[in-house]
Every structure is written in C-alpha cells, then in structure tokens.
Amino acid sequence: MMRFKHALNLKGLLQGALLGALAYTGAAQAELPAALQGTAKKVALVRYISQGDFFEAYLAGVKAQAAALGFELQVLDARQDAARHRDMIDQAINSGVDGIILQHGFTDSVKDKAEEAVKAGIKVVAFDVDAQNEAIPQIEQSDFELARLTLSQAMKDNGESMNVGYVYVPGFPPLERRDEIFSQFKTMHSGIKEVARFGTVNNPIANSVADQAAAVLRAHPDINVIFAPFDEFAKGAKIALEEAGIADAIKIYSADVSTADIQAMREPGSPWVATAATNPTVVGEVSVRALAMLLAGESVEHKLVVPPTLITQQELNDKDINNMQDLQSKLPSFAHADVAMPAWMPAPKLAN
Ligand code: SR1
C-alpha cells in the first residue's frame, strides 16, 4: 500500500514536471505571428544618452529580447548630441530597418524624423522621449510614482521639514515628470524647502555632478536632504558628501538601481538611503516587445508604463541584497513586468 502511494506521488510529480516543462518550452517555442516569420526583422535602437548603469542594463534587455525574437539589431548612439540623434534616425531609415526604438532625446529634435520613419512604413516606439505621434507608442517608467515613493520615504525619514539640494536637468521627460511631483510636494508641504538646484548630464555624469555638488554644499551648509532622481546624480552627490566629510549629516534620495548602486547604498555610513526603480533590463525588453507587436500587425496601447518599487538601504541590509540578481529573487515584483506580453512572445534569455 505504501509503495502504491509512493508510486502515485511519483506519478504526480512526474506529470507536474512534464507539464511544467511543456509550459516552459511551449512558451519558449510558441509560434511567432506570420509577419515575424521568415527573414529576420531589422531593428535599430537610436539612443540619445547611453552612459551609466541604467542605460547599460536597458541595452542588455533590448539585446536579449531582440535575440529571442530573432531580430537583427543595430545600436546607434548619439552621446547626448541632438543633431547626431537626428542624423542617426536618418541613418536607421536609410539602412532599411523595419523598426526603430527611440530612446531619450527631445521632442523638437526627433518629432519630424520619427514622422518621416512612420510615413516610410517603419514601425517606431519611443522610450522616455515624446515623439508626439499617435502611431508611436510611448514607453515610460511610472516616473510620477517613482518620485512619489522616494519623496514619501524622505518625509518618513526626515519629517515635514527639509532643506533640499535638488539635482535636476530640464528637457528630459522622465526628469520633468519626477519634477512635477517634487513641485507638488513643495506646494503641499510648506516645510520642504528647495535650497539649491543644480545638475548636468555632461559625461562622466557622476563626476560632473560631484563637482557641482561640492560647490553647492559649501554655499548651502543648511542642506540636509539631496533629492537626486537619477542614479548618476546620486553617485555624484555621494562623492561630494564623502569628500567634504559630511556624509553622516545629509541623506540622498534617488531613482534607478543597479548592482553598483546597491553596493554604494550598502557601504558603511552611506548617505544614499533610498531609491525607487524599475528593472531597466525589463524596460528594455518591454521596448522591443512593443515594437515586435507593431511589426506583427497587433495594436499596442499608446502609453506603456512599467511600475517602480521603493528600495531602501534598510531593506537591502535586512534582506542582505548584494546585487540585481538578489533584488530580483528577494523582491519578485522586480523581475518581470507583464507589459506588452502577448502569449506568443518568446522569453528573453539573459546572461546573468
Ligand atoms: C537623463 S534621464 C535619466 C533617467 O532616464 C531613465 O528614465 C532613468 O530612470 C534615468 O533616471
């Protein structure tokens, strides 16, 4: 009888394993829509900005999802030069791509070029740049939520009164959305004072911000909070605080996360106490998936939003999170985003 019970359990286990394997291989091998079969689709990622952990991880996601779909990918990098960004969109169009992902940049410099691409029959999606075109789905993180999470944590830690050094560069849609929330917080809480504003995206961004922050901190010794809603800004602020020997007196609140950021937040005495972030690799995957859906002739919502998670220094220490892999396994909301995920979409294989 015992043996029979074991046999049944074993049979159940084997069935479960088989079903699991079928489900997995089924998902991995689901047939692509007819429009995506045959000759590999050529797609281009045209980036305005690419230096820093966020952009590297985003690119890894783009590459992985493109490979899973069998796409031929070219990456064009304008290195923060708007004229070059325009030229590169032309270059992509002229090279006969089927699809383009626009990443960052400014409406004024991409709008007409993006429209040309659409008119030429090229499918286009945009991440963090407003192409102002109904045919171009806009991908973004929930920047409003991201700023709200970070600033709420700052209030939890510091109370209703803060003298804030704010790191900001106008013109970038994600930073502008985060800025909208900071403005709301200042209006709603009279104790939140913006004492100084500075910021730059000149490469290397963190070092350039560190130079500015050093001068700002000397001029405004009353600052007790730095709101730096981009991880390269936070890295710069941290360098300045540590060099000035005042890292114990000022707290940094940021956006984005990477293995390097986690390590910086967990250094003993680190002033960087919280960040709110999506998984940038997942955002890269979502960008390619949205493009693939357009290329398959499917409709895509005009706005695709990837939700963020709040990550505190305390939580990183409590859960002993050392890198992005730990973050994904210990905060599962971080590993995936079911955005632009039709049943046929092949799962990317990421090199971990
Ligand atoms: C200069 S814009 C920087 C931001 O772009 C992405 O949205 C990242 O979250 C980063 O903070």
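This is a predicted model: local features need pLDDT of at least 70, side-chain atom pairs count only at pLDDT 80 or more; totals for chains, interfaces and linings use all residues.
Skip the residues within four places of it in sequence, and its contacts are Ala30, Glu31, Leu32, Pro33, Leu36, Leu69, Ala292, Met293, Ala296 and Glu298.

Now widen the selection to the largest nonpolar core, which has 91 residues. Trp344 is among the members that touch the most others, along with Leu36, Leu69, Phe71, Ile226, Phe233 and Leu327. Colour helix 10 (residues 280-295) next: with 10 residues, it gives the most to this core. There's also a second, separate core of 20 residues; pick out Ala78, Ile89, Ile93 and Ile136 to find part of it.

On to the rings. The structure has 12 aromatic pairs. Phe54 sits in helix 2 (residues 53-69) and Phe127 in strand 4 (residues 123-127), 73 residues apart. Both Phe54 and Phe127 are buried.

Then jump to Tyr166 and Phe227, where the centres are 5.6 Å apart and the planes at 10 degrees, so this pair counts as stacked too. Tyr166 belongs to strand 6 (residues 162-167) and Phe227 to strand 8 (residues 225-228), so the pair ties together parts 61 residues apart in sequence. Check the burial: relative accessible area is 0% for Tyr166 and 1% for Phe227.

Last stop: helix 6 (residues 173-188). Its 16 residues reach 23 Å from first C-alpha to last, close to the expected 22 Å. Its buried residues include Leu175, Ile181, Phe182 and Phe185, but also Arg177, Arg178 and Asp179.

How values were computed. Residues are numbered from 1 along each chain as its sequence is written. Side-chain values use heavy atoms; hydrogens and water are left out. A nonpolar core is a set of buried Ala, Val, Leu, Ile, Met, Phe, Trp, Tyr and Cys residues joined through side-chain atoms within 4.5 Å. Buried means under 20% relative accessible area, exposed over 50%, partly exposed in between (1.4 Å probe, protein chains only). Helices (H or I, at least four residues) and strands (E, at least two) are DSSP runs, numbered from the N terminus. Contact means heavy atoms within 4.5 Å. The expected span of a helix is 1.5 Å times one less than its number of residues. Rings of Phe, Tyr and Trp (its six-membered ring) pair if their centres lie within 6.5 Å; planes under 30 degrees apart count as stacked, over 60 as edge-to-face and the rest as tilted.
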